[in-house]
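The following report examines how the chains shown below are folded and joined.

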Amino acid sequence: MRFFKKITGSNLFYNFLRDPMAIGSATVLLFLIVASFGAPLFAPHNPYDQTTIDIMDAELPPIWTGAADADSRFLLGTDPQGRGMLSTMLYGMRVSVLIGVGAVVLQSLIGIIIGLIAGYKGGRLEALLMRLADVQLSFSTYMVAIFISAVFQGIFGMGVYSDYALGLLILVIGFAEWPQYARTVRASVMAEKNKEYVEAARVIGLPQWRIMFRHILPNTMTPVLVISTVQVANAIMSEAALSFIGLGMPPSQPSLGSLIKSGFDYIASGSWWISLFPGIALVVLILSINLLGDWLRDYLNPKLYKD
Amino acid sequence: MFAFIIRRITQAIFVMLVISVIGFAIKQSVGDPVREITGISVSVAERDALRDKLGLNDPFPVQWFRFVKGALHGDLGNSFKYKRPAVQVILSKAPATLELVLTTSILVVLLSIPIGIYAAIHSKSWWARLAMGGSIIGVSIPVFLTAILLIYVFAVWLQWLPSFGRGELVEIFPGWKSGFFTWSGLAHLFLPTISLTSIMLPLFIRLIRAEMTETLQTEYVKYARARGLKENRILYVHAFKNTLLPVITVGGVQLGTLIAFTILTETVFQWGGMGSMFIKAVEDADTSLMVAYLVFVGLIFVVVNTVVDVIYGYVNPMIRTGGGK
């Protein structure tokens, strides 16, 4: 209860309530997340259950189109394998969100540790680590992600890759995007490390790791929080892009990106709904995260990114 | 300045060496060249002899050195699928990608600068808000989705424009088949260019607006105002000049993003460029071609970034001295 009060009494919450854009995007995001993680409860079908899928149901149009083969069981039509679009999308969004959040957790872990060490220790180590981050960043995260997953697929083979696609994608995207965190954290550590409280901690003889992780780290969390929202959106985008070019989730466990891909193969025959609905879901998901991130950045305004 | 250039070039060479190690490691771990050459009906002893002859039993550094030596002579191995040197395959695909990138860059430069500046100056106006709102939506729509939408509307539904391939090509000089000189080539170029622009343009509008807003708050702009200079002169001569510099550096970094998006766009439109070639190479497990593409793209990055850095160092003396890491 006290925790709840602390949140509702905060400036952040006050500001949030006065920004219709923030409320709107947060509501949409909450709705999407609840719908996707509650998919087993809400979805009319289970796309992973082979026994309920009938190939004869493949490529049925949405019911409101009035086409002769539209089926009342499938509100948004079906995909090329006869799975209901609505259910498959909900399950697919869960995969996308899981990968997005997982990748951000991984990249923030790597990035924060590297950024802290580089910023606090300084010297040669810092120059090396930051140069590495710069070089990797100059290749752009998409490029790095595409290359690593291409290599993984080459090493493990297509079959194994699709069996472990979820974990591998988290690994790939997490590794591709750590420099963002490392740079942000390092910049804040540089600003923090000469302040009195750090001096004081050093004077009383605390070990270095304790100063870094218990004293400096909490004070660098604001910018980390801000880029995290945008990074989740980026990670979801990367995942969709990788799945679209066939380096991501397999059709048997579709994410939004692989659904769009499977629809693209049928677009010439006029089956627009297979690509369009997951596409809309993806854009709304990313847009709501980005808008929320924009609001958070404007609120906290730590002059981070000039994108 | 000389020392600065030397330092940058040393760094560039170092990065290329690292790329070559990665590329070589990929080549080592994926696929077995002996099996590719011999097939299944060759005995183990013969295979071992061949392995020895090809130097595949040498230690890693020795083989790597041989790989780098070959790469310097423009030899990155043969493509398994095309049965040709990988470098040749890449060079034959490069014009397609370059033409797509060129038209996109022209569009982005022509549109992003006026829109970005306008959005920075009149940040409260409805047009500026529209531009910024549009750009956040543009950033949130993945390039392949825009592409699919365009294909559906213009190729499947309206049937106005072609959706795949490059159309009729004209060989302007040996090895460079251009689509710029035929109507069919231009029509085929239309949708891919629009898709690629739709994702790159918002990035640059946002960047230019942010830089311009920042410049407008600096002391020297205030001073120029206080001196009573004409507003247009302050904006377009004084402020814009200093906006361009960071835009050029970040623009260099965006090259990577551009190439990644080119891969996606080319895949959707079956554009016969390097990007779709790379994805096919991955599907066919054509390791040599994959590695050659990695090295080739790495080289482009390193060269462009080094040149951008050197230009930047030339224009902005603060970067040259040791502090600017």
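## Contacts and fold of chain A

In this predicted model, 72% of the contacts in chain A between residues at least 6 apart in sequence join residues at least 24 apart. The C-alpha trace of chain A extends over about 80 × 50 × 30 Å along its principal axes.

## Surface and charge of chain A

Of the 307 residues in chain A, 52% are buried. The chain exposes about 14200 Å², and carbon and sulfur atoms supply 65% of that area. Chain A carries 21 positive and 20 negative side chains, with the centres of the two sets 18 Å apart.

## The loop residue P80(A)

P80(A) is located in the loop between α4 (39–42) and α5 (85–121) of chain A.

Beyond its neighbours within four places in sequence, P80(A) is in contact with I55(A), A58(A), E59(A), S262(A), Y266(A) and I274(A).

## Helix α12 of chain A

S262(A), a contact of P80(A), and G263(A) both belong to the buried residues of α12(A). This helix, comprising residues 256–264, is mostly covered, with eight of its nine residues buried. The buried set also includes L256(A), G257(A), S258(A), L259(A), I260(A) and F264(A).

Against which helices do the buried residues of α12(A) pack? Within chain A, their partners are α5, α11 (221–244) and α13 (273–300). In chain B, the buried residues of α12(A) pack against α7 and α10 (231–269).

## The interface between chains A and B

The contact between the chains takes 41 residues from chain A and 45 residues from chain B. The area buried between them is about 3700 Å², and carbon and sulfur atoms give 78% of this area. On the chain B side, S140(B), F144(B) and I148(B) lose the most area to chain A, together 14% of what that side buries.

The count of salt bridges between chain B and chain A is one. The side chains of D294(A) and R206(B) meet in a salt bridge, with an N to O distance of 4.0 Å. D294(A) and R206(B) are also linked with R297(A) in a network of salt bridges.

## Salt bridges within the chains

Over all chains, the count comes to nine salt bridges. One of them joins D134(A) and R183(A), whose closest N and O atoms are 2.7 Å apart. D134(A) lies in helix α6 (residues 123–138) and R183(A) in helix α8 (residues 165–192) of chain A, so the pair ties together parts that are 49 residues apart in sequence. Both side chains belong to partly exposed residues: D134(A) has 25% relative accessibility, and R183(A) has 37%.

In chain B, D309(B) and R8(B) meet in a salt bridge of 2.8 Å, N to O. This pair links distant parts of the chain, with D309(B) in helix α12 (residues 287–315) and R8(B) in helix α1 (residues 2–29) of chain B, 301 residues apart. D309(B) is partly exposed, with a relative accessible area of 21%, whereas R8(B) is buried at 13%.

A further salt bridge in chain B is formed by the side chains of R166(B) and E99(B), at 2.9 Å from N to O. R166(B) lies in the loop between α7 (143–157) and β1 (170–173), and E99(B) lies in helix α5 (residues 86–121) of chain B, so this pair ties together parts that are 67 residues apart in sequence. R166(B) is buried, with a relative accessible area of 12%, and E99(B) is likewise buried, at 3% relative accessibility.

Notes: Residues are numbered from 1 along each chain as its sequence is written. Chains are lettered from A and ligands numbered from 1 in the order in which they are written. This is a predicted model: local features need pLDDT of at least 70, side-chain atom pairs count only at pLDDT 80 or more; totals for chains, interfaces and linings use all residues. Side-chain values use heavy atoms; hydrogens and water are left out. Buried means under 20% relative accessible area, exposed over 50%, partly exposed in between (1.4 Å probe, protein chains only). Contact means heavy atoms within 4.5 Å. Accessible areas come from the Shrake-Rupley method with a 1.4 Å probe; for residues, only the protein chains shown count as cover. Lys and Arg count as positive and Asp and Glu as negative; His and the chain ends are not counted. The place of a charge is taken as NZ of Lys, CZ of Arg, CG of Asp or CD of Glu. Buried area is the accessible area (1.4 Å probe) that two parts lose on being put together, summed over both. Helices (H or I, at least four residues) and strands (E, at least two) are DSSP runs, numbered from the N terminus.
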